[in-house]
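Have the coordinates open and follow along.

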Amino acid sequence: MYLKLPPPLLMIIAFGCMYLLAQHWPLWGFSFWGQQAVALVLCLLGALLGLSGVLSFSRVRTTVNPHKPKNASSLVTSGIYQYSRNPMYLGLVLFLTAAWFYLGALSPAVMIIIFVSYMNHFQIEPEEEALKLKFGEAFSDYCQQVRRWC
């Protein structure tokens with residue numbers, strides 16, 4: 001079972017829910033010096049991680065389409081993929097974390113947890129099953145060496 005909506009769209013939906021939570025049920029608002037700078041740095045890190053993942057895939061000319069992992073022509077284990085099996089998804093989580101800091105309320109953080117759980121179950125696990133079928137022991141070895149998220 002693969003994800004039907006693109007992960008960036010899911011991130012936007014999660015952000016919308018975060019905004020609504022911050023507006024209507026803020027639960028322990030917070031504010032500190034440099035809060036907007038922290039949000040900006042997290043956004044930039046998220047963008048760098050995501051772009052690094054896309055560039056690593058394009059270098060070996062394999063698909064970045066998360067809906068069709070069976071179409072992968074190469075197992076990418078270099079570049080940013082030496083440190084994270086899912087840098088593009090991690091970049092999206094960093095965007096949501098930046099939004100959480102920017103919104104300055106505790107309640108929106110629940111959407112980060114929901115997003116990660118949803119992505120693990122409906123995207124990453126099926127994606128990894130397809131990659132294991134396609135790349136066999138090489139993918140299993142890679143999973144033993146590199147963590148899923150960071």
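Arg 148 has a relative accessibility of 22%, so this residue counts as partly exposed. Keep in mind that this is a predicted model. Arg 148 forms a salt bridge with Glu 128, their closest N and O atoms lying 2.7 Å apart. The two partners come from distant parts of the chain: Arg 148 sits in the segment after α5, while Glu 128 belongs to helix α4, 20 residues apart.

Glu 128 has another partner in Arg 85. Here the link runs from the loop between α2 (35–59) and α3 (87–103) to helix α4, across 43 residues.

| Salt bridge | Closest N and O atoms |
|---|---|
| Arg 85 with Glu 128 | 2.8 Å |
| Arg 148 with Glu 128 | 2.7 Å |

How buried are the other two members? Glu 128 has a relative accessible area of 12% and is buried; Arg 85, at 14%, counts as buried too.

Now for the helices. Helix α4 (residues 109–135) packs against helix α5 (residues 137–145) at about 130°, with the axes 6 Å apart. That angle makes α4 oblique to α5. On the α4 side, Glu 128, Leu 131, Lys 132 and Phe 135 take part, meeting Glu 137, Ala 138, Phe 139 and Ser 140 of α5. By type, the contact has four nonpolar residues, one polar and three charged.

Helix α4 itself has a kink of about 40° centred on Asn 120. After α4 comes Gly 136, with a positive phi near 55°.

Definitions and conventions
Residues numbered from 1 in each chain as written. Predicted model: local features only at pLDDT ≥ 70, side-chain atom pairs only at ≥ 80, totals over all residues. Heavy atoms only, no water. Axes fitted to C-alpha atoms, helices over the stretch in contact; angles between N-to-C directions. Helix = DSSP H or I, 4+ residues; strand = E, 2+ residues; numbered from the N terminus. Parallel < 35°, antiparallel > 145°, perpendicular 65-115°, else oblique. Contact = heavy atoms within 4.5 Å. Nonpolar A, V, L, I, M, F, W, Y, C, P; charged D, E, K, R; others polar. Bend = angle between axes of the 7 residues up to and from the residue. Salt bridge = Lys/Arg side-chain N within 4 Å of Asp/Glu carboxyl O. Buried < 20%, exposed > 50% of the residue type's maximum accessible area, 1.4 Å probe, protein only.
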